[in-house]
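Thanks for coming. I have one structure to walk through, so let me put it on the screen and start with a single residue.

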Amino acid sequence: MTTETKLKRRLNLPLLILYGLGVTIGAGIYVLVGAAAGKAGLYAPISFVLAAVVVSFTGFSYAELSTRYPVSAGEAAYVKKGFNSSTLSLAVGIMVIASGVVSSAAVAIGAAAYIHELLAISQNIILFVVIVIVGLVAAWGILESVSFAALFTIVEILGLLLVIGYAFYSFPEEAIQFQKTLPPFDAAVWTGIFSAGLLAFFAFIGFEDIVNVAEEVKNPGANMPKGIIWTLIVATLIYFVVVSVVVLTVPLEDLIASDAPLSLVFRDAGFATEGLFILIAIIATVNGILIQVIMASRVLYGLAAQGNLPEQFSNVNEITQTPLVATATIIGLIMFLAYFMPISSLAETTSSIVLSVFAIVNIALILIKKKGDEPGTPYYKVGVWVPYIGFISSTALLISGFLT
């Protein structure tokens, strides 16, 4: 072990996009459709669109910041540059770690539920095994673990396409009635949509994880903005169609009660088809955990490397070239939360933490822009109105979550 070993730039643009999509898609859509439907009913797809709008402005802010400061613990670095406060920077870094840990615990519960559909083993045992295996893969190496995650991402996208295709094939009349998902101008309906929007926002968590592997990305000035923007575009399109066909073809009471909601689309398909999808869902959820573990461990590493936390967390193993102490710490925290908090509480807590971080990061970009450009540093730029809207929209969704 040595603090002299540094992270290597080994990730290209395709791997970066698949990394972002892996955590974005795997973390939310396979687990939380039922919980969102419980708050918004048939209008759950609109909650996902609402969350996408909120995320997009902050996504553009992150695109600029990640090219200005392509480092691990990105959000903490942005806040330190904007506010010139080490204390606030550390607080934001810890919030980012907390979001990764809490969301991983939520997705781990979903992964265990899908595995339990196939194996007659206690979910508590499954949960333990899943988290330990993910920790070992994350410790293996950044190129190896992200390549592993990229392969899983392709599989999980194919799984969502299977959901769409099967829904249209088996329930053609119901699946095409997208007009039913358009809400009326009714205060009670929109209250439910905004409340579900906070849960739906959880499904978009992932694009910001991209900035925390910036030290390991080739040509970050060009690839970071592309990775963030393409992740958001693809995820939004997939989400809207998947959530629409699910709420239109699955009885809402069944959907709301399930920890493995997407498998209900295949309730009449027979074991072979349903089993195939459950296997894909397992891959998707495990992938979501893996990528969040990579992110959180890199932030913990970055905070330590910046001198804000004990230096042990910044130790990079010479063989694996990964921060093993940081990774083991993250795995331990995930294990604790997965056993002691319900999935909906974990998801809402994650969303609240990340929205708070988004609000602070948008303000940081505003302050950085007011200081003027740094000489000799080329980077992607957005208009100053972008972080203003990002701050307002993130804060509005955060407040709506507390009021509903």
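Val245 lies in helix 10; helices here are DSSP runs of H or I of at least four residues, and strands are runs of E of at least two, numbered from the N terminus. This is a predicted model, in which local features need pLDDT of at least 70 and side-chain atom pairs count only at pLDDT 80 or more, while totals for chains, interfaces and linings use all residues. Residues are numbered from 1 along each chain as its sequence is written, and side-chain values use heavy atoms, with hydrogens and water left out.

Back to Val245. Is Val245 buried or exposed? Val245 is buried, because its relative accessible area is 0%; buried means under 20%, exposed over 50%, and partly exposed in between, with a 1.4 Å probe and protein chains only. Leaving aside residues up to four places away in sequence, Val245 touches Val163, Ile164, Ala167, Phe168, Ala175 and Phe178, where contact means heavy atoms within 4.5 Å. Val245 and Glu174 are 71 residues apart along the chain, and their C-alpha atoms are separated by 7.9 Å.

Next, the aromatic rings. The count comes to 10 aromatic pairs; rings of Phe, Tyr and Trp (its six-membered ring) pair if their centres lie within 6.5 Å, and planes under 30 degrees apart count as stacked, over 60 as edge-to-face and the rest as tilted. One of them is Phe204 with Tyr239: the centres are 4.9 Å apart and the planes are at 75 degrees, so this pair is edge-to-face. Phe204 lies in helix 9 (residues 187-204) and Tyr239 in helix 10 (residues 220-249), so the pair ties together parts that are 35 residues apart in sequence. Phe204 counts as buried, at 1% relative accessibility, and Tyr239 is buried at 0%.

Another pair is Phe336 and Phe340, with ring centres 4.9 Å apart and planes at 40 degrees, so this one is tilted. Both lie in helix 13 (residues 324-340), 4 residues apart, or about one turn of the helix. Phe336 counts as exposed at 51% relative accessibility, and Phe340 is exposed at 62%. Ring pairs also link Tyr62, Tyr69, Tyr78 and Phe358 into a cluster.

Now the charged side chains. Side chains of opposite charge can pair when their charged atoms come close. How many salt bridges does the rule give? The count comes to 2, taking a salt bridge as a side-chain nitrogen of Lys or Arg within 4 Å of a carboxyl oxygen of Asp or Glu. Arg68 and Glu64 form one, at 2.9 Å from N to O. Both sit in helix 3 (residues 44-68), 4 residues apart, about one turn of the helix, and both are buried. Lys369 and Glu64 form a salt bridge at 3.0 Å, N to O.

On to empty space. Rolling a probe the size of a water molecule over the atoms shows where empty space is left. On a 1 Å grid over the protein atoms alone, a cavity is a set of points where a 1.4 Å probe fits but cannot get out; a pocket is an open set with protein on both sides within 12 Å along at least five of seven lines, and lining residues have an atom within 4 Å of a point. Grid points are joined across faces, edges and corners, and a volume is the space filled by probe spheres set on the points.

The search finds 1 cavity of 30 Å³ or more, and the largest cavity holds about 50 Å³ of space. Its lining is Tyr62, Glu75, Val96, Ser99, Glu208, Val354, Val357 and Phe358. Helix 14 gives the most to that lining, with 3 residues.

The largest pocket has a volume of about 180 Å³. Ile115, Val130, Ile133, Val134, Val137, Phe148, Phe152, Ile282, Ile283, Val286 and Leu290 line this pocket. Helix 6 (123-140), helix 7 (142-170) and helix 12 (271-305) each supply at least two of the lining residues.

Finally, helix 4 (residues 74-83) is mostly covered, with 7 of its 10 residues buried. Among them are Glu75 and Tyr78.
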